[in-house]
Amino acid sequence: ERRHQVTLTTSFYLGVYEVTQGQYVRVMTENPSEFARDGVQGARVAGQATEHFPVDSVNWHQAVQFCQRLSELSEEQAAGRSYRLPTEAEWEYAARAGAETLWSFGRRVEQLSRYGWYRRSSDRRTHTVGEKQPNAWGLYDMYGNVWEWCLD
């Protein structure tokens with residue numbers, strides 16, 4: 001894939017962690033996650049409660065709807081907050097945390113397991129958010145665990 005330069009012209013915020021199943025259920029009242037038994041909040045995966053696992057099996061439309069509903073909550077409106085998915089450029093900028101290398105921590109694939117869950121390290125399932133090291137900007141799980149949707 002070819003690289004191209006993108007200039008971000010407005011600031012944005014990004015969640016420190018992936019949206020958890022517990023957060024998703026509180027806003028959407030359902031849990032579509034594959035890694036939750038019968039879609040019930042607080043289900044267990046291999047003996048662990050899934051409340052703090054990232055929500056998975058959400059399509060793009062559901063992700064957009066989550067942002068809209070979260071923005072409509074009275075406490076979010078009172079705080080002047082509204083939510084949307086990041087653009088691909090915003091997500092990549094945040095994932096790299098200012099680095100110009102393949103990953104925010106450099107180019108050494110041997111270090112990937114310190115920062116993210118992926119095929120060889122994940123046991124083919126999701127894990128509690130924030131268990132791996134954050135990038136230089138304090139963002140967790142930017143590599144692995146679940147795929148993130150972007151606005152574009």
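The protein chain has a mean pLDDT of 88, and 90% of its residues reach 70 or more. pLDDT is the predictor's confidence in each residue, from 0 to 100. Confidence is lowest in strand β1 (residues 44-45), at a mean of 60, and highest in α2, at 98. Helices (H or I, at least four residues) and strands (E, at least two) are DSSP runs, numbered from the N terminus.

This is a predicted model, where local features need pLDDT of at least 70, side-chain atom pairs count only at pLDDT 80 or more, and totals for chains, interfaces and linings use all residues. Residues are numbered from 1 along each chain as its sequence is written, and side-chain values use heavy atoms, with hydrogens and water left out.

**Helix α2**

- α2 has 13 residues. From its first C-alpha to its last it reaches 19 Å, close to the 18 Å expected at 1.5 Å a residue. The expected span is 1.5 Å times one less than the number of residues.
- Its buried residues are A63, V64, F66, C67, L70 and S71. Buried means under 20% relative accessible area, exposed over 50%, and partly exposed in between (1.4 Å probe, protein chains only).
- Seen down the axis of α2, these buried residues fall within an arc of 155°, so they line one face of the helix. The arc is that of the directions from the helix axis to the C-beta atoms.
- The face turned away from the buried side carries the exposed residues H61 and E72.
- The buried residues of α2 pack against α1 and α3 (74-78). Contact means heavy atoms within 4.5 Å.
- At the start of α2, a side-chain oxygen of N59 comes to within 3.0 Å of the backbone nitrogen of H61. A polar contact is a pair of N or O atoms within 3.5 Å; within protein, one must be able to donate a hydrogen and the other to accept it, and residues adjacent in sequence count only if both atoms are side-chain atoms.

**Nonpolar cores**

- The largest nonpolar core has 11 residues, including Y24, M28, F66 and L85. Such a core is a set of buried Ala, Val, Leu, Ile, Met, Phe, Trp, Tyr and Cys residues joined through side-chain atoms within 4.5 Å.
- Two or more residues of this core come from each of α1 (21-28) and α2 (60-72). The largest share, 5 residues, is from α2.
- Another core, of 9 residues, lies apart from it; among its members are A95, W103, L112 and L139.

**Residue P86**

- P86 sits in the loop between α3 and α4 (88-96).
- P86 counts as buried because its relative accessibility is 11%.
- P86 touches L14, W91, W149, C150 and L151, not counting residues up to four places away in sequence.
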